[in-house]
Structure formats: structure tokens, C-alpha cells
Amino acid sequence: MATKPAMKSLFKGKETPAEEKKEARAVKSGKISPAQYAKGEKMEGEKDKKSTMVKRAKAMKSGKLSPAGYAAMEKKEGKRK
């Protein structure tokens, strides 16, 4: 399990592609769990349901969603907000 300082270093709220890739790589490598990912996104102010974010993190972990794909998806979402 990752410690809280690791969570704070990942989820800074910048919403840049580089930061989003770091978050996705941390989930994929197992440094943080899908539940921790969801909690970190909530700390950044994400409006999605926790279950939706956990499902997204599980897709990252399994390889269905690449870190680059996740960053691109977040970039598109950011433009809609």
C-alpha cells in the first residue's frame, strides 16, 4: 500500500497530461490501488462517482486503458468543463 505522502505527490490538481500519466502509471504498477486512485481524484475535485473512477482505475491496471490514453481522455474532459 502507498503512504499518504505518495498520494499527495501524485494528486496535485494540475490536470496536466504529465500528471495524469503519472497517476495512471502508479495504478498500473500497483503503487496505488484503484480505491486510492478514486480518493485522489476526489481530492482534486473530480465530479464522477467513486464507482466510475474505480472502474476506470481497474481498466488502467488491466491494460485496457493506457496511461497515454487516460491522459488524452482527461484532456478532452477538461475542455468540456
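**View 1. Phenylalanine 11 in its buried setting.** Phenylalanine 11 has a relative accessible area of 6% and is therefore buried (under 20% relative accessible area, with exposed meaning over 50% and partly exposed in between; 1.4 Å probe, protein chains only). The model is predicted: local features require pLDDT of at least 70 and side-chain atom pairs pLDDT 80 or more, whereas totals for chains, interfaces and linings use all residues. Residues are numbered from 1 along each chain as its sequence is written, and side-chain values use heavy atoms, without hydrogens and water.

**View 2. The aromatic pairs of the structure.** Two aromatic pairs are present (ring centres of Phe, Tyr or Trp, the last by its six-membered ring, within 6.5 Å; planes under 30 degrees apart are stacked, over 60 edge-to-face, the rest tilted). Phenylalanine 11 and tyrosine 37 form a tilted pair, 6.2 Å centre to centre with 55° between the planes. Because phenylalanine 11 lies in the loop between helix 1 (4-10) and helix 2 (17-29) and tyrosine 37 in helix 3 (residues 34-43), the pair ties together parts 26 residues apart in sequence (helices are DSSP runs of H or I, at least four residues; strands are E runs of at least two; numbering starts at the N terminus).

**View 3. Tyrosine 37 and its partner tyrosine 70.** Tyrosine 37 is buried, with a relative accessible area of 0%. Tyrosine 37 and tyrosine 70 pair edge-to-face, at 6.0 Å centre to centre and 75° between the planes. Tyrosine 37 lies in helix 3 and tyrosine 70 in helix 5 (residues 67-80), so this pair ties together parts 33 residues apart in sequence. Tyrosine 70 is likewise buried. Ring pairs link Phe11, Tyr37 and Tyr70 into a cluster.
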